[in-house]
Amino acid sequence: MSRHLRSEHGLRSEGEEGSTGGGQDQLHGYASDMPGAGMPFVYNRDRMIAEFGKFIIADELPFSFGESSNYEYFNRVALQLQYRKVARNTLKRRTQQSYYTYRGYLMEMFRTYNGRVNLTSDTWTSTYEEPFVCVTAHWIDDDWLLQKRIICFEAMEEAHNGFNIISRLVSCCKNFHLVDKLFSISLDNATANTSAMQFLKEDPSIKLVLNGSLMHVRCCAHILNLCVQDGLDELRTLLEPIRNIIRWIRAARFAKRIFKQKCEEYGLRKKVIALDTPTRWNSTYKLLHDAIAYRDVLTDMCNESQATDGQFITNDHWSLAKIVHDVLKTFDNATHIFSYFYEPNIHTVILECIKIICTIKQTSLANPGATVKRLLDNMKVKWCAYFTEFPPIYVIAAILDPGVKLEERLCEDYGAVIQPQSVGSFKGASRFGILGPVLKKSRPDGPGSSSSSSSSTNIGIGEYLTYQFETEEKFHIIQWWKNHFSKFPVLAELQRISLQFLLQQLPPSLLLVQ
């Protein structure tokens, strides 16, 4: 192997003549990145089946894939001569063994874990019309690494009502020893989920923080979509000519040819423009974003065609589309931030909400027309239904973001658009008071559980708020609190719990492949 790497790839071991003496050009550096750390490869069928099972699950392939003669031929000719087919029953049995082994490991880990865990849950129906429930646990471990694991993925044949949902959730928590470790749960805005949280608060087996006042937090990205859809109800008729011409281009081959010719005339690259759907986040923004870029092409096709039932696209349509596009761009940016699940994002909620509400205000002042006013008023009404007052967990995370600390000025900007009384609890000295009750029960048997911790003097809130934050080029909030744990131990524990909270309830199909 060494001779092959030297002759064919020009890689040399350290100390050889011509070696650069560093980095990736060294033989040991190349070999260390290979499975087995450069040791001679030995084929092991048991290990192959175990790894093959992971591949089958991750790519959602059938167990019968291992019985494919073509796949066996490919492996034997191109990869490993000793490879033989893997029977579907063998693969199924080994995969189940791996599942139960890792499930037992997670149960034992949570049994001994001395911290709080946040959950997200969803019920949905697969493409085969089979109903499922999925529960995912999120936490920051002792090494300050953000973790997520699916702890329940089961068929749910019973009705998806509040009682049945919470019964499954409580059963899952008992199995994984989480009844005394829950901090909060993220669910979407379905009525069944709201009633489920009421059942949870009444369940004596679950030990809640602050009587469950911090338990239920709604999916932020879902709320943004509801606000957008309420606003767009007023514009569906006005934007219909743009939708119709795009719908015609997508449906007719003749229209596709005309669209391609028009794109060439205007020096544009042909593109498939997707239609928007009410349940797909930001789809209307993406439609308008692409349509505006192909404005001249779409206008010509609509006004020259007989397929749009006498509808015409005018400059007024495009002016309105541009206004709506600019408003929705802020929602789109916020949705992307709220959709992070490998990085913490809860500390960004209030800042993003301020950006959205200020955009609505500025657009309203710049466009006093009745149509735009109805759009923005509908968005604002839906917005105020959820965000007139922020959930305490959002406020805590923003206060404990060293780059923000929830300054009074930010609250005043937000309140000036919503209503002044909505931010009264976030001002000035209230930043001390809002943390106190949470610190007592932020972590079971943790440093925040002592009664003396509730005073701002002992927990270091005052010192933290006056601490001079130095701007870092690549600021990572979890790493910052890890580095400052010795200085602010109680606040660091609380922020660790806050940052593990997930703003968006993830689709189980996405979680399975990450």
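What share of the 514 residues in the protein is buried? Buried residues make up 46%, where buried means under 20% relative accessible area with a 1.4 Å probe, protein chains only.

This is a predicted model: local features need pLDDT of at least 70, side-chain atom pairs count only at pLDDT 80 or more, and totals for chains, interfaces and linings use all residues. Residues are numbered from 1 along each chain as its sequence is written, and side-chain values use heavy atoms, without hydrogens and water.

The protein has 24 helices and five strands. Helices (H or I, at least four residues) and strands (E, at least two) are DSSP runs, numbered from the N terminus.

Now the empty space. Rolling a probe the size of a water molecule over the atoms shows where it is left. The structure holds six cavities of 30 Å³ or more. On a 1 Å grid over the protein atoms alone, a cavity is a set of points where a 1.4 Å probe fits but cannot get out; lining residues have an atom within 4 Å of a point. A volume is the space filled by probe spheres set on the points, which are joined across faces, edges and corners.

| Cavity | Volume | Lining residues by kind |
|---|---|---|
| Largest | about 70 Å³ | eight nonpolar, four polar, two charged |

Ala, Val, Leu, Ile, Met, Phe, Trp, Tyr, Cys and Pro count as nonpolar, Asp, Glu, Lys and Arg as charged, and the others, Gly among them, as polar.

Strand β3 (residues 146–155) gives the largest share of the largest cavity's lining, three residues. For the second largest cavity, α8 (220–232), α11 (283–293) and α13 (315–338) each supply at least two lining residues.

Methods. Buried < 20%, exposed > 50% of the residue type's maximum accessible area, 1.4 Å probe, protein only. 1 Å grid on protein atoms, 1.4 Å probe; cavity = no way out; pocket = protein on both sides within 12 Å on 5 of 7 lines; lining within 4 Å.
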